[in-house]
Amino acid sequence: MTQSTKTMPSESIPATLEVPPESRLQYINRMLGVSRLGLVLVILLAALPFIPPFNREDLLRWMIGATLIAAQAIAFDFTTGYINVVNFGFAAFLGVGAYTSALLAVELGVSPWIGIFAGVVPAAVLGFFTGVLTLRLRGIFAALMSWFVGLALLGIARNWVDLTRGPLGLSAPRFLETSSNRPYFYIIFAMMIVTYVVLRWITRSHIGLAFRALGQNIDAARASGINPTFYRVLNFTVQCAFAGWLGGFYAHYYGILTPQVMATSHTVEVLAIAYVGGRGSIWGGAFVAFPFIFFFEWLRSTLTDLPGLHLVLYGVLLILVMIFYPGGVAQLYELLKDLVSRFRPDPVSTTKVTK
Amino acid sequence: MLEINDLNAGYGFLQVLWNVSMRVEKGEFVALVGPNGAGKSTTLKTIAGLLAPMSGEIVLNGEAIGGMEAHRVSSVKGISFISESLNLFTGMSVHENLLLGAYIIQDQARIQEGLDIVYQLFARLKERRNQLAGTLSGGERKMLAIGRGIMSAPDLLLVDEPSLGLAPNLTMVVFDALEQLRQSGVTILLVEQNVNSTLKITDRAYVLEQGQIAMEGSSRELLKNEHVRSAYLGI
Amino acid sequence: MQATQTQESFITDLLRKVFSAAGLTILLTLVIAGATVFIAGPFVLINAIVTGGMWALMAAGLSLVFGVMNIVNFAHGEFFMVGTLVAYFVFTPLSAHLKTNPSPLLSAVAPFLGILAAALVGALLGAVIEKTVFLQLRKRTKEQWIMNSFLLTVGLSVIIINGVQILWGTNFKGITRYWEIPPFDILGVTVSVDRAVVFFLAMATMLLFWYFLRNTGTGRAIRAVSQDETGARMVGIDMNRIQVLTMALSSALAALAGASLLFMFPSYPTVGLKPLYIAWYVVILVGMGNVAGALVGGFIVALLQTMTSYFIGPGWEDVIPTAFVMLILLVKPSGLFGSEVKGIHER
């Protein structure tokens, strides 16, 4: 084999091939995983409540609902998309946080602003236990176990009427005196951002790497020195902590709480959105939540004689995604990004290599 | 009867067989030998329809069957595959396993005939006819697998390493049974690592190495062949 | 000498069976049942037996689908619901007709017509779902099949519940009773005719189902697929056909249960949720894929529920059995009667 006798003189290696050290901004950007497009959308969302017709109370109500689901989808995907376990009792943990915060406010007069953080504690503790319970169980059995936990919690909420007032409902004081929805939107918006930032950061850290290793192949992960017990329980605890926190918002926004908040159907809603958005993407479900909720609420208000139609569509979409496009919208986005980058001129390749 | 032309097959992106061509005439007793991992099981699985070929053809009595569903290969085409892992129904009795072997046969008389043949061939199975297949010993399970395979009165029998893990005396029983089957007119394609015994009872043989046919010929000739003797017979 | 040896091994074998997890569970259940009758009276037991039979059928269908098709069916309860719906729409007009044209023969037979129709519709629905949705998923998913198919059934459940709601509304469609025959006394307990008939229907169906699985060629083929899929293909069993059949059978059983219990459970879109998780309790209690166990387990869970309802309070019957099942999943995930399904544990 003939070797090329010409070697590249060192001074003609293009400067663009040297990798500059990552700036602080770039580090933050990488950890957050927010593209420019994402940032624009978030800013748009923040500004929306001042732009007609989105400053209408009813549309604001939809936006709040959508943001709440978006935040839940982020938390849900934190477990499903990373350690590959579906927490099928998710809604119950939200409910635990909601009831805790509501009861603290009603019984002890605790301010909702503090209460929602207090609600995190029992939710996280229960999440910890659920994580421990599901430790030895494979995929579907872990999901079933978490479902049973959810059912048990729902049953307790329904039956312990002395505490929760059961199906009659518990009234909780709202955050603010105002009846306007706009400030509430900003509360939940802030909560969603915080949820995203924290969970995204964790998934991009070495902890997230451990999660993903566990999700892919638990034996290989263990062989690499990753302790499955620690990381699985950690993941569950964090997920349920956030669920509980968001539950606090639910209680002090909607103002009335029934055990139905823990119903499996609510977990299914979040699940459907998270899956359609894209498992493992963290942002996918959040992105998808907005158009979905808006569309469904619009359906609900226009086709009032067909209640539940939007839920049928949830189901159909979930099935279609599972069969035809398991990667969800996030996968579609990656595909589009790929296509776009192919048409964009690449700065490195246009640099001529000087001989 | 069976013709394989330029068969390429494998699992996913891992190709195991490369342009394999073989033939088995009706009534012949043909061996497919070779080292571990050569692709012998893959060949049988592809013929049996458990694996779809990547390219090439498998022709049975003039009809192309490559890619045909396994259950059709078994039921419609009269090919019976006895796998290396046996695939017995461990939760069912010996008798039930045999009945399932005759799944495609409706005629009760023929099923009874089949049972008689199997029990005559393998007396041990008759003794344990109500015992769960999962509780049988290794040798008995091999016998059951073969028995189940012949219940459908196949024209072509594909047998994958029947002697694997068997004590020598049981190996004799198994090989004897195959001989008897061959005498009754069944065509047999046998995959084995026990090259010596195999070449002694078969008519012809193919040697498969690294997914390709390295050698073919009459068994007697191959027994005398230098390469075969050094590589497989340790001589 | 020989005779005593076989006698001895028979006895040790029997003892081993009695003291196995399964045996002890059954023993314990019988003891508790006896105690309950002693303390609370036979009514608790009667209720448990009547619903238990139907839960057993539902659980058996669920177990079958898991064992044969590897599908964790979250929509199983929806077939129960469809059963109640069909039975209602068949029986109510017949019942109205009978008011003006009384006919003792038709009165006796009418409920069965509803139940039969429900079973047929259930079977059809199951077959359609298998052929459209599951078949497509099977073609496209190799890994994560169990989770993916489970989520698919979650989607199905949502569609069916809300579809029925849109088409027929949320109001309760119930009947007071199936047969206009006054209740009778057994051992001092008043038993309604509906309950008695349903019990015998459950028993008969169980026997038929059992006979089918054990002694027919197709039943054997279904069992073969659940034990060794490759082996089944090797002996000429058509997987697609078996899967359609299994799904149809499972759905028919659930629909039959729903139709039979219409006098207890009126028809409304979400009526299937409770039978769903009861069926799941049974299946996990006895072991996934263990169909025989499911038939027995139905009674055990029913007893557990009625006892909880009586001693602790109605409403808690959702919580206590749940906690119990969680315990089983934790301590003996392969179930009390043993599961043929491998790989429940993460190793």
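This report walks through a predicted model, chain by chain.

## How the chains meet

Start with the contacts between chains. Two pairs of chains touch, and chains A and C share the most contacts. Chains A and B are not joined by any contact. Their closest C-alpha atoms lie 19 Å apart.

Chain B does touch chain C. On the chain B side, 22 residues take part, and they meet 17 residues of chain C. Two elements of chain B each give two or more residues to this side: helices α2 (70–75) and α3 (94–101). By class, the chain B side has eleven nonpolar, nine polar and two charged residues.

## Chain A in outline

Chain A has 355 residues, and 46% of them count as buried. Its secondary structure comes to 16 helices and two strands. Along the principal axes, its C-alpha atoms fill a box of roughly 90 × 55 × 40 Å.

Now take the contacts in chain A between residues at least 6 apart in sequence. Of these, 79% join residues at least 24 apart.

## An antiparallel sheet in chain B

Strands of a sheet pair through backbone hydrogen bonds, either parallel or antiparallel. Chain B has an open sheet of four strands, with antiparallel pairing. The order is β2-β1-β4-β5. Strands β2 (14–24) and β5 (63–64) of chain B stand at the edges. Each has a single partner strand, so one side of each is left without a neighbour in the sheet.

Strand β4 (residues 55–60) of chain B pairs with β5(B) over two bridges, in the antiparallel sense. B:L60 has B:E63 of β5(B) as its bridge partner. Helix α1 (residues 40–48) of chain B lies across β1 (2–11), β2 and β4 of chain B. Helix α1(B) runs at about 70° to β2(B).

## A buried strand in chain B

Is strand β7 (residues 156–160) of chain B buried or exposed? Five of its five residues are buried, so the strand is largely enclosed by the rest of the structure.

In a regular strand the side chains alternate between the two faces of the sheet. Both faces of β7(B) are covered. B:L156, B:L158 and B:D160 are buried on one side, and B:L157 and B:V159 are buried on the other.

## The partners of β7

Strand β7(B) has parallel pairing with two strands. Four bridges join it to β6 (residues 79–82) of chain B. Five bridges join it to β8 (residues 187–192) of chain B. B:I79 has B:L156 of β7(B) as its bridge partner. B:D160 stands opposite B:V191 in β8(B).

Together, β7(B), helix α7 (residues 168–183) of chain B and β8(B) make a right-handed β-α-β unit.

## Two crossing helices in chain C

Two packed helices are described by the angle between their axes and the distance between the axes. In chain C, helix α3 (residues 42–69) packs on helix α11 (residues 273–286) at an angle of about 70°. Their axes are 8 Å apart. That angle makes α3(C) roughly perpendicular to α11(C).

Which residues make the contact? From α3(C) come C:W55, C:M58, C:A59, C:L62 and C:S63. From α11(C) come C:P275, C:I278, C:A279, C:V282 and C:V283. By class, the contact has nine nonpolar residues, one polar residue and no charged residues.

Technical notes. Residues are numbered from 1 along each chain as its sequence is written. Chains are lettered from A and ligands numbered from 1 in the order in which they are written. This is a predicted model: local features need pLDDT of at least 70, side-chain atom pairs count only at pLDDT 80 or more; totals for chains, interfaces and linings use all residues. A residue is buried if 20 or more other C-beta atoms lie within 10 Å of its own, exposed if 12 or fewer, and partly exposed in between; C-beta atoms are placed from the backbone. Two residues are in contact if their C-beta atoms, placed from the backbone, lie within 7 Å. Two strands pair if DSSP finds at least two bridges between them. Axes are lines fitted to C-alpha atoms, for helices over the stretch in contact, and angles run from 0 to 180 degrees between N-to-C directions. Ala, Val, Leu, Ile, Met, Phe, Trp, Tyr, Cys and Pro count as nonpolar, Asp, Glu, Lys and Arg as charged, and the others, Gly among them, as polar. A crossover is right-handed if, with the strands pointing away from the viewer, the path from the first strand over the helix to the second runs clockwise. Angles under 35 degrees count as roughly parallel, over 145 as roughly antiparallel, 65 to 115 as roughly perpendicular and the rest as oblique.
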